[in-house]
Amino acid sequence: MANVAFRNVRKAFGPVEVLHGVDVDIEDGEFVVLVGPSGCGKSTLLRMLAGLENITAGDITIGNRVVNQVPPKDRDIAMVFQNYALYPHMTVFDNMAFSMKLAKAPKAVMESEVARAAKILGLEQLLQRYPRQLSGGQRQRVAMGRAIVRNPQVFLFDEPLSNLDAKLRVQMRAEIKELHQRLKVTTVYVTHDQIEAMTMADKIVVMNSGNVEQAGRPLELYDTPANLFVAGFIGSPAMNLIPGRVGSGGFEAAGGAVLPLPPGASAAAGTYGIRPEHFRLDPNGLQARVQLVEPTGSETQVFVRLADTLMSCAFRERITAGPGDIIGISPDLSLVHLFDSGTGQRLAA
């Protein structure tokens, strides 16, 4: 196992710079998720760590060794790709053992390592099958098994669950997290799915347009987002981000609504943030008109209009209101976020 560090890492394709001085520290044995929208640079950063992309500037270290010029095969990493990358003409056993065959490992060692990985992943009965005879989840386990037999210092996952259906994604992310807890190998995982990031990570690195917006533990990012981008990206359903200004009677939204402010609110606030689940039903609260009701079973998401401002609320209670009805709602002022009108940075409470 090893720690990993990115120091002022930059990447340019010709005149176009796609990573703008990334600094990230990953502790030994930590499970870190790089998350962000498509095109933010997260997969490029992972490929640079793997040695599949050259570094324009900066340093990448694995176990305190700078690996900028180290070939991929000598970095002691193992990578699991989105498309599994299995050899269709090889059995599960041969796919998992392939890297050891290239390294001319003794047959007994090879069989022992494949058996160990197969037991961890529940593949013992599938070793003589071919990839075409496996389900998507089984193929992903084989790809993970091929990485495990290498006993690497670092595991790299590049959106490994993107090709799976919703139910299998939930199952596989639990299996990957359980695998990490068992092996305790440093893991870097790339996804655009913030639910995967929240449920799997020890630490999340939120990226946007080649920059790191915030890095920290999942609930830290959820509870205290650094800026508007992180606030809007982390959380499902998304945080309500309402532009406006601080007035004498409260926060005056651009749509005409007036929202209550927490004590000591800064006059610099230009955006009012409140998560849907931080509203409560209150007959004496703000009077809002229901636009849409979406029951999900565990909770009900209600879209309401306050003056000309549209907001999302999530209630655990069963509600009978329908479109056009008026309901009373109150935000929990201890959980309101205010963001600077100029920089978009979160203002301290």
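Predicted model: local features only at pLDDT ≥ 70, side-chain atom pairs only at ≥ 80, totals over all residues.
So, Arg-305 stands opposite Leu-310 in strand E17. A strand here is a DSSP run of E with at least two residues, and strands are numbered from the N terminus. Residues are numbered from 1 along each chain as its sequence is written, and side-chain values use heavy atoms, with hydrogens and water left out.

Okay, the two strands. E16 covers residues 300-306, and seven bridges tie it to E17 in an antiparallel run. For pairing, DSSP has to find at least two bridges between two strands. Together E16 and E17 make a hairpin with two residues between them, and Ala-307 in that turn has a positive phi of about 55°.

Now zoom out to the sheet. It's open, with four strands in the order E17-E16-E15-E18, and the pairing is antiparallel. E17 (309-315) and E18 (326-331) are at the edges with a single partner strand each, so one side of each has no neighbour in the sheet. On average, neighbouring strands are turned by 55° against each other, direction ignored; the axes behind that angle are lines fitted to C-alpha atoms, and angles run from 0 to 180 degrees between N-to-C directions.

Is E17 mostly covered or mostly exposed, then? Mostly covered: six of its seven residues are buried. Buried means under 20% relative accessible area, exposed is over 50%, and partly exposed is in between, with a 1.4 Å probe and protein chains only.

Back to Leu-310, which lies in E17. Leu-310 counts as partly exposed because its relative accessibility is 47%. Which residues does Leu-310 contact, leaving aside neighbours within four places in sequence? Those are Gln-291, Val-304 and Arg-305, where contact means heavy atoms within 4.5 Å. Val-206 is 104 residues away from Leu-310 along the chain, and their C-alpha atoms are separated by 27 Å.

Last bit, the whole protein. There are eight helices, meaning DSSP runs of H or I with at least four residues, and 19 strands. The C-alpha trace spans about 75 × 45 × 30 Å along its principal axes. Of the 349 residues, 50% are buried. And if you take contacts between residues at least 6 apart in sequence, 66% join residues at least 24 apart.
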